Amino acid sequence: MNLIVKLRRSFRTLVILLTTFCLVSIVISAYYLYTGYKQEMTLVEATGEAECEGLKLLPYRSMELKTAKLMDPSNTDPIVLLFVESQYSQLGQDIIAILESSRFQYHMVIAPGKGDIPPLTDSGKGKYMLVIYENILKYVSMDSWNRELLEKYCVEYSVSIIGFHKANENSSPSIKLKGFPLDLYNNVALKDCFVNSQSPLLHITKAPRVEKGPLPGEDWTVFLFNHSTYQPVLLTELQTSRSFPPSLPKAPLYATVIQDLGLHDGIQRVLFGNNLTFWLHKLIFLDAVSFLTGKKLTLSLDRYILVDIDDIFVGKEGTRMNVQDVKHGKLQVTMQSSSAEVTMMESQNRKRAPAWTEREVQDLIAVWGEESVLSELRSSFRNAKTFVKISQGMKDRGHNRDPKQCRMKLKELRQASQKTREANGRSGSEPQTCRFYDELHAILGGSASRQPGTVSHPGPGDSTPRTHPRLPPGPGRRRRDLGLGRKKNAMYGESPKKIEESSEWGGNPDMGKRFGLTAASGLPNSMEGQALLETQNLLRTQVANFTFNLGFSGKFYHTGTEEEDEGDDLLLGSVDEFWWFPHMWSHMQPHLFHNESSLVEQMILNKDFALEHGIPTDMGYAVAPHHSGVYPVHVQLYEAWKKVWGIKVTSTEEYPHLKPARYRRGFIHNGIMVLPRQTCGLFTHTIFYKEYPGGPQELDKSIRGGELFLTILLNPVCTLFAILCCVPLLSVLEVNGTE
């Protein structure tokens with residue numbers, strides 16, 4: 001009896017213990033279930049604060065973060081299946097532009113209402129490596145049969161999905177995505193976004209990358225989730241001063257791009273809460289494509305950039321840059337009013353100055369021809385003191401001429417002599433002469449008498465005239481072969497070195513006029529030359545070994561104002577700081593020359609100019625003025641290029657006239673490769689920041705996600721064209737998150 005009572009009591013105690021244990025287990029389970037459903041972005045104050053470029057952020061909840069498995073869709077073709085709203089939808093076109101520019105194959109399908117999908121497999125192999133939905137709602141609203149079919153394909157072939165949601169005025173304030181533990185809140189104004197450095201999909205995009213200030217538009221969508229499969233990629237703050245959905249839970253940060261790690265249903269996804277207008281979305285989209293295809297569809301991190309500055313000295317009056325423009329990274333009006341006033345006063349002084357008498361000109365030539373004067377002109381680029389000396393020499397002879405008047409008159413004499421020499425150098429031309437020709441010849445060099453069909457200037461190392469066509473010395477001949485020194489400009493603290501044959505006034509006259517074509521061309525002064533060097537050094541902080549490639553036409557050397565001539569001298573004094581490539585001697589369009597010998601004559605003149613000034617002649621690259629003769633092909637141009645310069649590569653934006661530019665392809669003709677050239681929207685008529693077509697905001701758009709941004713982002717090899725400056729290139733490199 002006692003035993004039975006004891007057993008009954010023991011059983012009762014056991015039941016109580018079991019009941020207590022079950023209750024405790026339920027409480028513990030409920031607690032963890034409750035906390036597990038809280039936002040993955042829940043932040044705790046106890047872990048402190050982190051500051052990223054001025055934006056104070058709180059770290060993630062202290063727990064092990066889930067990592068995504070790198071996709072391996074090896075049993076699929078490298079083709080993207082793209083579902084668009086319509087053939088002409090803007091977001092769809094933006095996606096296509098990026099895919100085409102990246103050389104990624106794709107198949108576009110207009111997403112039907114019921115969600116019908118094309119065949120996904122062929123002979124046991126998947127036809128698509130990645131699926132992209134322009135409108136993610138079309139994906140979640142598919143009928144169960146098609147959705148199950150698509151998701152089964154994605155799981156079996158390791159295929160992922162990228163989706164976009166662009167809210168509009170008709171969008172509901174909040175949306176619960178069918179089949180996902182995910183809520184969307186629409187039409188939100190955001191600010192101060194940054195990239196989550198712990199996101200596994202980052203490839204091109206740098207993190208943490210902070211974009212301060214309001215994001216464009218007030219139609220953003222943010223994602224709130226309660227499952228560990230989701231991880232934020234782009235985080236932002238709410239603009240509390242603007243309206244937002246009342247049901248939006250309060251949080252310090254909101255995700256506008258999220259990555260689904262596939263822990264919920266085995267399918268990895270990346271979802272965007274807006275379109276691709278925002279520049280960071282473009283970067284993250286490319287990274288998503290790369291990660292979700294197992295790096296099968298990816299862009300290299302390497303970029304090779306060549307910036308051709310055509311007609312380095314060509315431009316209208318007032319288009320010159322100053323140092324401050326470059327230092328502040330802005331593209332502003334590039335000629336200061338003081339410089340314009342000096343030029344205007346100089347022009348007025350020339351108008352008011354009395355005409356030169358024949359005796360005055362003879363005495364001027366006599367002073368110029370003195371050995372001490374010629375020696376000073378040959379040994380220094382900055383020769384203002386020398387012209388003071390010439391002016392004093394004129395006064396000693398009874399003439400009242402100031403240094404500027406002497407300088408301008410000597411320039412006129414040089415130009416007149418040069419025109420005569422060029423005329424006599426043309427095949428079949430009648431012998432011509434000019435006033436004071438013999439006296440000028442005695443100073444400038446060459447033969448006093450010449451026959452038609454000869455060019456009177458001596459070539460490098462020659463002392464006799466040369467009959468064309470004859471090729472100059474080989475392409476490897478440099479300044480040291482001529483015994484020439486190199487002068488660094490005074491601002492770098494190096495003393496000038498003597499230049500034996502190339503000086504402003506005492507050297508070979510066929511150095512020509514300056515690069516400016518006409519008197520209306522505004523060309524670089526010494527400040528601009530300094531700015532060009534500083535800009536190059538600044539770009540080298542972003543692009544290793546960056547070097548500007550300067551195009552030259554020797555005929556137009558030294559035909560500007562005194563300040564502009566100093567700019568010429570500064571560039572030639574720093575010739576080894578840049579790369580150089582030839583245009584035509586007179587910047588004529590090559591297709592206007594109907595025989596090869598004429599083109600050869602022009603190129604030889606330009607090559608002689610290069611050799612006289614130590615400009616490299618062995619780069620193997622040239623650009624035709626106005627891109628004439630490259631396409632349609634002018635056979636004579638290619639032949640002359642090879643004979644005179646040994647050209648192997650050229651580039652042009654004129655071939656072919658395809659829009660958009662991503663459709664252009666290069667070609668090879670006669671062993672010369674023709675590269676498609678990109679432009680950055682800067683031409684001689686568009687280099688004023690405030691006068692840029694469409695306003696400065698259009699240029700800013702190009703830099704911040706627009707054409708120039710995409711040019712650098714999507715082209716591993718960029719041959720860019722610019723006139724006089726390339727400040728936007730530096731700006732886009734600073735904006736771009738690429739490494």
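Which strands does α16 lie across? Helix α16 lies across β22, β23, β24 and β25, and runs at about 115° to β25. Before going on, a word on the source: this is a predicted model, where local features need pLDDT of at least 70 and side-chain atom pairs count only at pLDDT 80 or more, while totals for chains, interfaces and linings use all residues. Residues are numbered from 1 along each chain as its sequence is written, and side-chain values use heavy atoms, with hydrogens and water left out.

Some terms. Helices (H or I, at least four residues) and strands (E, at least two) are DSSP runs, numbered from the N terminus. Axes are lines fitted to C-alpha atoms, for helices over the stretch in contact, and angles run from 0 to 180 degrees between N-to-C directions.

Now the sheet under discussion. It is open, has 4 strands in the order β22-β23-β25-β24, and its pairing is mixed; two strands pair if DSSP finds at least two bridges between them. At the edges stand β22 (621–622) and β24 (667–669), each with a single partner strand, so one side of each has no neighbour in the sheet. Strands β23 (residues 649–652) and β25 (residues 672–676) are paired in the parallel sense, over 4 bridges. As one example, S651 has L675 in β25 as its bridge partner.

Helix α16 (residues 635–645) also meets a helix, α15 (residues 596–612): their axes come within 9 Å and cross at roughly 35°. In contact, meaning heavy atoms within 4.5 Å, are residues including L599, M603 and A610 of α15 and L637, W641 and W645 of α16. The residues of this contact divide into 10 nonpolar (Ala, Val, Leu, Ile, Met, Phe, Trp, Tyr, Cys and Pro), 2 polar (the others, Gly among them) and 4 charged (Asp, Glu, Lys and Arg).

Rings of Phe, Tyr and Trp (its six-membered ring) pair if their centres lie within 6.5 Å; planes under 30 degrees apart count as stacked, over 60 as edge-to-face and the rest as tilted. By this rule there are 21 aromatic pairs. One of them, W220 with F278, is edge-to-face, at 5.7 Å centre to centre and 85° between the planes. The two residues are 58 residues apart in the chain.

Is W220 buried or exposed? W220 is buried (under 20% relative accessible area; exposed is over 50%, partly exposed in between, with a 1.4 Å probe and protein chains only), at 2%. F278 is buried too, at 5%.
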